[in-house]
Amino acid sequence: MPPAAMMGTFTFSRTRGSSTIVITDTEGKIEYVNPQFTKSTGYTLHEALGKNPRILKSGKQSTAFYTGLWESISGGKTWRGVFHNRRKDGTLYWESATINPVLDEQGKVTHYLAIKEDITQRKEAEKQIHR
């Protein structure tokens, strides 16, 4: 379970309606997802706990993409980007994400906090404009 200092994060995540919240340990194992995660992905909290967020991986992004992400967050830096993910039912969707490392008092990374927004409709509208 995340440290007591993160309890405010849990409160925040329950009140942030349209954002998907995912908290993992440093190995990438999911420790918490908010209800919006289930709405967006089809995976329940029970199904997601202990899994890696790669359960959403669509195969549409390169290994270098994920390597850069992990280099940033494991180095204590915030990462921002866009995922092309796959829901439990197999449908693809786009998410804009910010992943922040959570640091302890000594500056050591203890968890990762991802805040994500479904941007599928925006991406589809952009695609229509560029046709």
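K116 is buried, with a relative accessible area of 5%. That is a lysine, so ask where its charge goes: with which residue does K116 form a salt bridge? With E95, and the closest N and O atoms are 3.2 Å apart. E95 is buried too, at 0% relative accessibility. Remember, everything here comes from a predicted model.

Now place that pair. E95 sits in strand β4, and K116 sits in strand β5, residues 109-118. In general, side chains of opposite charge can pair when their charged atoms come close.

How many salt bridges does the structure hold? The count is 4. I will go through two others.

Take K88 and E47. Their closest N and O atoms are 2.4 Å apart. This pair links distant parts of the chain, 41 residues apart. K88 lies in the loop between β3, residues 79-86, and β4, residues 92-103. E47 lies in helix α3, residues 45-48.

Next, E126 and R122. Their side chains meet in a salt bridge at 3.4 Å, N to O. Both residues belong to helix α5, residues 120-129. They are 4 residues apart, which means about one helical turn separates them. E126 counts as partly exposed, at 31% relative accessibility. R122 is partly exposed, at 47%.

On to the sheet. In what order do the strands run? The order is β2-β1-β5-β4-β3. That is 5 strands, in an open sheet, with antiparallel pairing. The edge strands are β2, residues 30-33, and β3, and each of them pairs on one side only. From one strand to the next, the twist averages 25°. As background, strands of a sheet pair through backbone hydrogen bonds, either parallel or antiparallel.

Look at β3 and β4. They run antiparallel, and 8 bridges join them. N85 stands opposite Y93 in β4. A helix comes in here as well. Helix α4, residues 63-74, packs on the sheet. Which strands does α4 touch? It touches β3, β4 and β5. The direction of α4 makes about 140° with that of β3.

S58 lies in the loop between α3 and α4. It is buried, with a relative accessible area of 11%. The cut-off for buried is under 20%, so S58 qualifies. Along the chain, S58 and N85 are 27 residues apart. Their C-alpha atoms are separated by 4.9 Å.

What does S58 contact, leaving aside its neighbours within four places in sequence? The list is H84, N85, R86 and L92. The side chain of S58 reaches the backbone oxygen of H84 at 2.4 Å.

To recap, briefly. E95 and K116 form a salt bridge, with E95 buried and K116 buried. E126 and R122 pair within helix α5. The sheet is open and antiparallel, and helix α4 packs on it.

Technical notes. Residues numbered from 1 in each chain as written. Predicted model: local features only at pLDDT ≥ 70, side-chain atom pairs only at ≥ 80, totals over all residues. Heavy atoms only, no water. Helix = DSSP H or I, 4+ residues; strand = E, 2+ residues; numbered from the N terminus. Buried < 20%, exposed > 50% of the residue type's maximum accessible area, 1.4 Å probe, protein only. Pairing = 2+ DSSP bridges. Axes fitted to C-alpha atoms, helices over the stretch in contact; angles between N-to-C directions. Contact = heavy atoms within 4.5 Å. Polar contact = N/O pair within 3.5 Å; in protein donor to acceptor, adjacent residues only side chain to side chain.
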